[in-house]
Amino acid sequence: MQFYRDGYRPGDPDVRPAASQATDRAPGFPDAVDVLIVGTGPAGTVLAAQLAAFPDITTRVIERRPGPLQVGQADGVACRTVEMFQAFGLADALVREAYWVNEVRFWGPSEGDRSKIARSGWVDDTPAGLSEFPHVIVNQARMQQFLLDHAAKSASRLEADYGLEFMGYEMDVSSEHPVIATLRRTAGEQEGEEFTVRAKYVIGCDGARSNVRRALGIRLEGDAANHAWGVMDVLGITDFPDWRTKNVVQSAGKGSLLMIPREGGNMVRCYVDLGVVEAGDAEIRKTTAAQLADVANAILHPYSIDVQQVAWSSVYEVGQRVADRFDDLSPESAAEATPHLFLAGDACHTHSAKAGQGMNVSMQDAFNLGWKLAAVLQGRSDAALLRTYSEERQAIAADLIAFDKHWSAFIAQPALDPEHPERGGVSPADMQAEFARQGRYTAGLATTYTPSTLTGSPEHQQLATGFEIGTRFHSEPVRRVADARRMQLGHSHTADGRWRIYAFADSSGAALRDLATWLAEDAGSPVRTFTAADADIDSVIDVHGIFRGSHHEIDITALPSILLPKSGPLGLQDWEKAWATDDADDIFALRGIADEGAVIVVRPDQYVAQVLPLTARDELRDFFGGFLLPVTATVSAA
């Protein structure tokens, strides 16, 4: 973490100095904004945290509730989401507070007495080597508060405006702020009052009953619900031995139970199988927490839970639906048209909670969109870049829906009765095997973006087999040359909208040095082509060099300037761009880096965009030229 780049200042380094745009902000709601975020759910708070990094972009966040969420529904935080939180500097606080899901244990009818359950086995929750971070559980409200606090401490001093609801919009294509949004006050002395605000872009992060989606005339399409589950967070006294591990419990004829411990050391979330229902069944929704506890105790026999308190409970029906588009462009829109309204999270896809992906995929929607909005609004990319949001994320949502259909149906199956296999069902062993098989997906690591303007083709994938193009950048430990610190290479990637080039050295290191010199000094390099003369050399493309061998063998002051760049108002050197192999974990071997080295281009949302040879000058320049706009003057090599 670097916090003296702009000069020394005392106090909490997480609280950035307020930008002039924040200190000069007039009271009240502005007449016009660059970005209007509707909703402070998982997607809305990620988007707010990301855009808060850009004080020159006027962003406002509205929420119809009178204040922050207190009790959230979602709680599962996939490894991939923790990786994203690391980019905001929030992973340490998150994992410190959270429950770590280490194992999944499986229970089924006892062979000796099928009226009772017995433990049948267990698997590691997350297969080894998938991520440096664990799968954790923490209340959705806390997740959102981490992000809201981050935005409030940023130079933008961005805070949500509560008690405001999006009602509808009109378009004025002749205006610089073409979206005229109507907002209504939902609390306070002026409750019911409506007013308008102009925006360049509006993002609907307002949940499954999204007003933004309704205004766009977009419907969620998919299967009607046919299976009901009750869910409750309980504090209880129990003789069940696995109360503090994740459990999948199948009973003989009494239903299934999914148990997930919560943060804090005592609370557990119980998903209780309520069976097949008709879609929209009003009666099933009247099921009380006491009734859910009775069903759970019947399933757990001979064990029991004496519920002392229910922190939260609900009943829901499993249904999987997805919007046919995630923005305001219709099939009739002109080919050159660009979107101005977007949907993210539950506003454009809904599914069950069984795979623990709802909050996680919603956050990844916003992480995909935020840097694109910033690139367009700051003039680094053409507005056509924004079309890639719906193209990329709708495909991911469709994959999620397909997985959720399979997963929710699979875990809802009754326990197989060996004496009556014709009745169907699944054995505890098969349940255990399926959980192990789906570990990569439930860790949030199955997303793969297909070749496009932003994601290259695999001609040179053999140079770095462990950095698969289109997947998230899979970190490993390295040694920072300047101070010998052992740390994860991926943790150098912050949520600041910059692209990264990770150049892995060839055997001698000569090709890496040549590439670094070209990037810094050649007028045709993407760094000089796409970075303004008055900007820091790493403000658009952040270049890192990873050398083979010991950090003791590298004279950092002799490296090309782009690996020891001078930046910031004081022109200070940045000592955190050069890396060496870690003694215990050789990233070159672990990620399959060829002897001739490799260039790994990583998107601002941490996904591998391209793998190229260290000698690939034209290919590297052309790749960035596909989505970045050249500046009229190039950056100095300093």
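The model is predicted, so local features need pLDDT of at least 70 and side-chain atom pairs pLDDT 80 or more, whereas totals for chains, interfaces and linings use all residues. Residues are numbered from 1 along each chain as its sequence is written, and side-chain values use heavy atoms, without hydrogens and water.

Aromatic pairs are rings of Phe, Tyr and Trp (its six-membered ring) with centres within 6.5 Å; planes under 30 degrees apart are stacked, over 60 edge-to-face and the rest tilted. The count by this rule is 24. In one of them, Phe-342 and Tyr-389 have ring centres 6.0 Å apart and planes at 80°, so the pair is edge-to-face. Both Phe-342 and Tyr-389 are buried. The rings of Phe-467 and Phe-504 form a tilted pair, because their centres are 5.6 Å apart and their planes at 40°. Ring pairs also link Trp-371, Trp-499, Phe-623, Phe-624 and Phe-627 into a cluster.

Charges also meet rings here, a charge sitting over a ring if NZ of Lys or CZ of Arg is within 6 Å of the ring centre and within 35 degrees of the ring normal. The charged end of Arg-60 is 4.8 Å from the centre of the Phe-29 ring, over which it sits. Likewise, Arg-142 lies over the face of Phe-146, 4.7 Å from the ring centre.

Key:
Buried means under 20% relative accessible area, exposed over 50%, partly exposed in between (1.4 Å probe, protein chains only).
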